[in-house]
Amino acid sequence: MDNEFDALIIGTGQGGMPLSIAIAEAGWKTAIIERGDVGGTCINYGCTPTKTMVASAREAFMSRRGADYGVNIGPVAMDMPIVRERKRQIVRDFSSGSRAHLERTKNLELIFGEASLLSGNEVLVSLPDQSERRLTAQKVFINTGGRPAIPPIPGLSGVPWLDSTSIMELDEVPERLAVIGGGYVALEFAQMFRRFGSEVVVLEHAKRFLPREDEDISGALLQILKEDGIDVRLGVMIDKVESSKGGARIYSGAETVDASHVLVATGRVPNTESLHLDTAGVKVDSRGYIQVNDRLETSVENVWALGDVKGGPAFTHISYDDYRILRKNLLQGGGGTTLGRLVPYVMFTDPQLAHIGLSEDDTKARGLRYRVFTLPATSIARALETGEPRGTLKAIVDLDTDQILGFTALCLDGGELMSAVELAMMGGLMATQLRGATFAHPTLSEALNNLFTA
């Protein structure tokens with residue numbers, strides 16, 4: 001068995017997988033190593049399964065609202081085994097399709113096993129049959145992603161807590177779900193299970209809701225979640241957790257919260273501990289994330305890191321853009337860098353919270369002269385016509401150049417509207433040009449006319 005390669009990629013996530021195919025098709029002898037299912041977090045545990053279940057939750061929500069549209073449906077009940085199987089099938093389809101693509105690519109070997117570094121160009125792979133392969137390569141790329149972080153809460157190990165992976169395997173709707181954490185993952189699941197029929201309480205340690213967002217935006221989303229019947233509690237410091245009546249009791253000072261199920265959604269940590277990075281001299285930060293420069297190079301020559309394992313924005317599209325940067329530098333003459341790239345994101349609550357560019361807080365911190373444009377979703381014709389007028393739009397515009405510095409859409413299909421503004425920003429269009437553009441009526445995009453007139 002030949003164990004010498006031009007390149008080794010550790011992890012089949014949304015950066016490593018397309019990178020392996022690109023360099024193999026360019027003639028490099030390549031191996032990609034995977035310890036689990038092909039596709040990484042996004043396909044198996046993140047974007048694909050969660051958004052599949054979000055769709056089920058939205059159908060339940062809209063069914064209960066049928067009477068608002070003159071459609072009488074009757075009582076709505078969830079069949080969680082069907083929700084789960086639909087999610088599983090889509091994940092299987094995506095993962096198996098990705099695996100097939102890797103396996104049919106010339107010059108590329110897919111190896112299943114646990115990888116660890118012996119040096120900057122040597123990787124030891126522990127195979128499923130307990131044997132080992134010692135691989136060498138001129139270049140090594142690390143794309144091992146991350147996993148849910150579990151906080152050291154006293155008593156937590158004594159209750160059957162859930163994380164963002166295991167909660168999607170439930171075959172019943174929790175009677176009362178306590179969500180520890182108040183970030184994007186926590187809120188997507190909180191609203192999802194509220195729509196499935198659970199009572200939901202969110203316990204967030206921060207005193208301000210979604211502190212990374214401008215306060216007017218986070219406040220608007222908080223109000224929407226409360227309207228949906230979600231009990232959001234801020235500034236909660238959890239002292240301990242105990243088993244109680246088949247569920248759990250959570251203690252915070254003099255307050256207690258009883259729950260049938262507990263979801264822990266307090267962030268993520270990198271999958272680096274089994275890589276033995278110190279053996280190869282690859283530097284990590286205090287949280288274990290691999291340190292890279294703007295070209296994704298690590299502290300060791302010819303070793304790169306891409307995707308969530310390197311820290312920074314933990315989004316699939318950023319991992320994929322990391323791949324494009326490496327492809328440009330390795331195969332297309334260079335010039336690829338993370339400097340100055342736009343970082344869009346969407347939180348798939350309903351309505352979606354989507355953002356691109358600078359927030360107002362960011363703009364203030366940079367000392368820029370700016371104007372703020374806002375428009376309530378109640379002023380968007382398409383939102384009113386579809387009966388979904390909750391939310392708001394907000395744009396930050398440079399006062400001197402009229403360039404759009406940032407945009408947030410908390411509204412129906414906010415991610416699609418944000419993407420339209422991102423294209424405008426990429427093309428250097430000014431706010432006045434969007435104000436005067438002719439958009440089809442009635443679409444969400446035409447709201448940009450009114451937003452930049454406001």
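Predicted model: local features only at pLDDT ≥ 70, side-chain atom pairs only at ≥ 80, totals over all residues.

Biologist: Let's begin with H1 and H8. Are H1 and H8 roughly parallel or roughly antiparallel to each other?

Modeller: H1 covers residues 16-25 and H8 covers residues 316-331, and their axes sit 9 Å apart at an angle of about 20°. Angles under 35 degrees count as roughly parallel. H1 and H8 are therefore roughly parallel.

Biologist: And what is the contact of H1 with H8 made of, by class?

Modeller: From H1 you get Pro18, Leu19, Ala22 and Ile23, and these meet Tyr320, Tyr323, Leu326, Arg327, Leu330 and Leu331 of H8. Arg counts as charged. By class, then, the tally is 9 nonpolar, no polar and 1 charged residues.

Biologist: Now H1 and H4. Is the crossing of H1 and H4 left-handed or right-handed?

Modeller: The two axes come within 10 Å and cross at roughly 25°. That makes H1 roughly parallel to H4. For H1 with H8 the crossing is right-handed, but for H1 with H4 the crossing is left-handed.

Biologist: How many polar residues does the contact of H1 with H4 have?

Modeller: On the H1 side there are Met17, Ser20 and Ile21, which meet Ser98, His101 and Leu102 in H4. The class count gives 3 nonpolar and no charged residues. The polar residues number 3.

Biologist: Back to H8. Which elements do the buried residues of H8 pack against?

Modeller: The buried set is Ile318, Ser319, Asp321, Asp322, Tyr323, Ile325 and Leu326. Tyr323 and Leu326 also take part in the contact with H1. What the buried residues pack against is H1, strand S6 (132-142) and strand S16 (303-305).

Biologist: Last one, H3. Which helices are included in what covers the buried residues of H3?

Modeller: H3 runs over residues 47-64 and reaches 26 Å, close to the span expected for its 18 residues. Its buried residues include Thr48, Pro49, Met53, Val54, Phe61 and Met62. Their cover includes helix H2 (40-44), helix H4 (80-103) and helix H5 (184-196).

Conventions
Residues numbered from 1 in each chain as written. Heavy atoms only, no water. Helix = DSSP H or I, 4+ residues; strand = E, 2+ residues; numbered from the N terminus. Expected span 1.5 Å × (residues − 1). Buried < 20%, exposed > 50% of the residue type's maximum accessible area, 1.4 Å probe, protein only. Contact = heavy atoms within 4.5 Å. Axes fitted to C-alpha atoms, helices over the stretch in contact; angles between N-to-C directions. Parallel < 35°, antiparallel > 145°, perpendicular 65-115°, else oblique. Left-handed = near helix turned anticlockwise from the far one by under 90°.
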